[in-house]
Amino acid sequence: MPPSGPERAVTSNGIAFTLEKDAHKSLRLKVKPDGSVLVRAPRRARDADILTWVAERRDWILKRRNDFQRLREELPPTGCAPGDIQRFLGREYPLLITPHARGEVRLTEEGFQIQTRGPVCENKVRALLDRWFQTQADNIFAQRLALWL
């Protein structure tokens with residue numbers, strides 16, 4: 001195992017993962033949607049103990065990776081060209097894109113109404129959608145957080 005550092009790549013029992021050591025007192029494991037694995041461990045944890053802990057969870061890690069892979073295969077890819085599909089809150093909406101004097105995104109029953117400045121370009125559409133999704137996420141998070149405060 002390489003020398004300790006803030007973050008490093010490690011392999012245990014055929015499972016490649018990123019190891020981060022921090023001030024927490026317990027080991028934590030996360031399988032990300034892209035299939036990568038993150039292990040967070042206390043700074044004082046011995047490397048041999050971490051490797052054993054990960055190896056004991058090999059079957060669980062592989063199952064989660066397979067689950068994410070199956071989801072990626074079941075969901076159609078999203079794009080940013082006219083007619084492509086984007087998902088929002090469990091529903092799929094087509095992209096309806098038109099050139100306009102200003103760029104904006106509105107969600108209607110028909111789909112995402114996207115107006116771009118100048119000629120339609122996937123990079124412009126992606127940037128507009130990213131900004132719109134971030135604003136929606138911020139608003140929804142604030143609304144849901146307010147329910148618990």
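**A helix, a sheet and an aromatic cluster**

Phe112 has a relative accessibility of 0% and therefore counts as buried (buried is under 20% relative accessible area, exposed over 50%, and partly exposed in between, with a 1.4 Å probe and protein chains only). The model discussed here is predicted, so local features need pLDDT of at least 70 and side-chain atom pairs count only at pLDDT 80 or more, while totals for chains, interfaces and linings use all residues. Residues are numbered from 1 along each chain as its sequence is written, and side-chain values rest on heavy atoms, with hydrogens and water left out.

We can start with the sheet. Four strands make up an open sheet, ordered E5-E6-E8-E7, with mixed pairing; strands (E, at least two residues) and helices (H or I, at least four) are DSSP runs numbered from the N terminus, and two strands pair if DSSP finds at least two bridges between them. E5 and E7 are the edge strands, each pairing on one side only. On average, neighbouring strands are turned by 35° against each other, direction ignored. E6 and E8 run parallel and are joined by six bridges.

H3 covers residues 122–148, and its 27 residues reach 39 Å from first to last C-alpha, close to the 39 Å expected at 1.5 Å a residue, the expected span being 1.5 Å times one less than the number of residues. Its buried residues include Val125, Leu128, Leu129 and Ile140.

The structure holds six aromatic pairs (ring centres of Phe, Tyr and Trp, the last by its six-membered ring, within 6.5 Å; planes under 30 degrees apart are stacked, over 60 edge-to-face, the rest tilted). Phe112 and Trp132 form an edge-to-face pair, 5.1 Å centre to centre with 90° between the planes. This pair links strand E8 to helix H3 across 20 residues. Ring pairs also join Phe88, Tyr93, Phe112, Trp132 and Phe133 into a cluster.

Finally, there are zero disulfides (cysteine sulfur atoms within 2.5 Å). The sulfur of Cys80 is 9.9 Å from its closest cysteine sulfur, in Cys121, which is too far for a bond. Cys80 is buried at 3% relative accessibility, whereas Cys121 is partly exposed at 30%.

Definitions and conventions. Axes fitted to C-alpha atoms, helices over the stretch in contact; angles between N-to-C directions.
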